[in-house]
Amino acid sequence: MPVWAAPFGVGFALSFSLILAIGAQNAFVLRQGLLRRHVGPLVLFCALADAALIIAGVGGLAPMVAHSLAALEAWVFLGAALWLGVYGGMRGYAAWRGQAVLEAGSAKQKPLLPTMLIAAVLTFGNPHVYLDTVVLIGTVSLQFEGADKLAYAVGAVCASFTFFTGLGYGAALLSGFMTRPHAWRVLDASVALVMLVLAFGMARAGGWV
């Protein structure tokens with residue numbers, strides 16, 4: 001196995017798990033995919049927006065915070081572990097209740113510019129996107145250095161491109177299946193497992209376990 005495979009896999013798994021959560025942006029991309037309207041530009045925009053935020057976190061904000069608060073580095077890892085654990089717990093609870101439903105509905109067809117403006121608002125107007133990409137993904141990158149950190153960032157970015165491409169172009173094929181609550185239970189359970197495993201890894205990296 002190549003040396004870069006492990007950090008690449010961590011970045012891919014974390015980023016993909018974060019994106020999988022049902023949200024306004026994902027629902028909008030899915031709807032546009034079902035309508036087959038502006039799918040290419042929309043997928044590219046969402047993926048590039050994620051990539052820019054991930055790069056900002058891995059290459060800028062998170063290292064700066066770690067350098068300024070070197071004495072609190074263990075607490076930074078603990079905070080990330082707790083966030084991952086809570087998020088995993090939420091997804092596990094959602095899987096147990098089985099009440100997650102995606103209301104795809106019908107959408108009025110719009111020209112390209114209004115569609116992209118809506119996507120921009122749903123992307124950058126959501127505070128969780130900054131917590132997930134800049135803060136969380138950036139903080140997890142602190143356990144890697146050099147080429148490993150680059151591989152981790154590439155994995156996180158690739159997950160975003162993979163997800164949005166699959167969501168946009170696969171919407172027509174998945175629409176019948178993903179409207180079933182049972183499908184979301186399986187999805188939420190899988191996300192919960194990944195997040196809890198990553199939370200343990202972060203706690204161990206910070207010396208807490």
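My entries start with the ground rules and then go from the whole chain to single residues.

**Ground rules.** I am looking at a predicted model, where local features need pLDDT of at least 70, side-chain atom pairs count only at pLDDT 80 or more, and totals for chains, interfaces and linings use all residues. Residues are numbered from 1 along each chain as its sequence is written, and side-chain values use heavy atoms, with hydrogens and water left out.

**The whole chain.** I counted elements and got 8 helices and 0 strands; helices (H or I, at least four residues) and strands (E, at least two) are DSSP runs, numbered from the N terminus. Read from the N terminus, the order is α-α-α-α-α-α-α-α. Of the 209 residues, 43% are buried, where buried means under 20% relative accessible area, exposed over 50% and partly exposed in between, with a 1.4 Å probe and protein chains only. I also looked at contacts, meaning heavy atoms within 4.5 Å. Among those with a separation of 6 or more, 89% join residues 24 or more positions apart.

**The largest pocket.** I noted a volume of about 520 Å³ for the largest pocket. The search uses a 1 Å grid over the protein atoms alone: a cavity is a set of points where a 1.4 Å probe fits but cannot get out, a pocket is an open set with protein on both sides within 12 Å along at least five of seven lines, and lining residues have an atom within 4 Å of a point. Grid points are joined across faces, edges and corners, and the volume is the space filled by probe spheres set on the points.

Which residues lie nearest the centre of the largest pocket? They are Leu18, Ala21, Asn126, His128 and Asp132, out of 24 lining residues. H1 (5-20), H2 (24-35), H3 (39-68), H4 (73-97), H5 (112-124) and H6 (127-140) each supply at least two residues of this lining, and H6 gives the most, with 5. By type, I get 13 nonpolar, 8 polar and 3 charged residues in the lining. Here Ala, Val, Leu, Ile, Met, Phe, Trp, Tyr, Cys and Pro count as nonpolar, Asp, Glu, Lys and Arg as charged, and the others, Gly among them, as polar.

Just after H2, I found Arg36 with a positive phi of about 60 degrees. His38, in the loop between H2 and H3, has a positive phi too, about 55 degrees, although it is not a glycine. Most residues other than glycine have a negative phi.

**Met116.** Leaving aside neighbours within four places in sequence, I see Met116 in contact with Pro41, Leu42 and Phe45. Pro41 is 75 residues away from Met116 in sequence, yet their C-alphas are 8.0 Å apart.

**Val3.** Val3 sits in the segment before H1 and is exposed, at 71% relative accessible area. Ala147 is 144 residues from Val3 in sequence and 9.3 Å away, C-alpha to C-alpha.
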